[in-house]
Amino acid sequence: MTRPPTAAQRRILDAADPVTGRLSGTEAQLAALVRQGLAFRHPRPPREHFLTPAGHRLREEPGLPGASGPGEAGGPGDPGGPARDAQAPAATPAPAVSGVFAARVGGEEGAEAGPARRREVHSAWQGLLELRRMTRPDGATDLPCAWERTHLVQAAALALEAAGHRPAAAEGGGYRVRTTPQPEAVAVHEPDPEALGACAATLEGAGWQAGEYTEPRTGVRFVLASPRRA
């Protein structure tokens, strides 16, 4: 988003369906929201417009009429991430470089972990599930979508953080999600064996194929995970 929305655009955002993010307005109004990165046009008929995660998050900000209160979690919340990819996957940056929301992959410095962050992560995860639903012919949400396959580290980290796992700080325990030489796999490191197993179980439940392995040279256990296709 390059500039703040106008008052008219804010009214359209406020009137969006709080669950699906479906928008109502004139073609010109909706097109302007798309240019702002706050909406996307669904690629399948009837080609309706929906909030992007950035739009959902802006809608929930204090000061916007109808915004969710501090104890409420709204809909999709990964700005510039999966929902925008439904419209233009090649042009949308990964959440880690969106400048607004980034899944915690582990190792970040000064990462906050309060209620606001939990709401943000919840919204991002709901947005990802909604993208899965909209991009599957049967509307199912059990398998990863195309965005997740092109943003493996961020997608796996979001699944873990949304499930309540603790990302590692700059030093100390917690999960760390990292790339691997394999084209469709990430490695999850967690020094606590029980927590490592829990990470594998979470990813399995989120539609990933995950298993624990031992690094031959160091003997360190890690989880290797890849998104399932069926």
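Predicted model: local features only at pLDDT ≥ 70, side-chain atom pairs only at ≥ 80, totals over all residues.

Trainee: OK, and which side chain does Glu 215 meet in a salt bridge?

Mentor: Arg 217, at 3.6 Å from N to O. Arg 217 counts as exposed, with 76% relative accessibility.

Trainee: How many salt bridges does the count come to?

Mentor: The count is 11. One of them pairs Arg 229 with Glu 184, with the closest N and O atoms 2.8 Å apart. That pair links distant parts of the chain, 45 residues apart: Arg 229 lies in the segment after β6, and Glu 184 in the loop between β3 and β4.

Trainee: What about Glu 120 and Arg 117, buried or exposed?

Mentor: Both are buried: Glu 120 has 15% relative accessibility and Arg 117 has 9%, where the cut-off for buried is under 20%. They form a salt bridge with the closest N and O atoms 3.1 Å apart. The two sit 3 residues apart in helix α5, so about one helical turn separates them. Shared partners also join Arg 117, Glu 120 and Glu 161 into one network.

Trainee: Switching to packing, how do α5 and α7 cross?

Mentor: Their axes come within 9 Å and cross at roughly 125°, so the helices are oblique to each other. The crossing is left-handed. Contact residues include Arg 117 and Trp 125 of α5, and Leu 158 and Glu 161 of α7.

Trainee: And what classes are in that contact of α5 with α7?

Mentor: 7 nonpolar, no polar and 2 charged residues.

Methods
Residues numbered from 1 in each chain as written. Heavy atoms only, no water. Axes fitted to C-alpha atoms, helices over the stretch in contact; angles between N-to-C directions. Helix = DSSP H or I, 4+ residues; strand = E, 2+ residues; numbered from the N terminus. Parallel < 35°, antiparallel > 145°, perpendicular 65-115°, else oblique. Left-handed = near helix turned anticlockwise from the far one by under 90°. Contact = heavy atoms within 4.5 Å. Nonpolar A, V, L, I, M, F, W, Y, C, P; charged D, E, K, R; others polar. Salt bridge = Lys/Arg side-chain N within 4 Å of Asp/Glu carboxyl O. Buried < 20%, exposed > 50% of the residue type's maximum accessible area, 1.4 Å probe, protein only.
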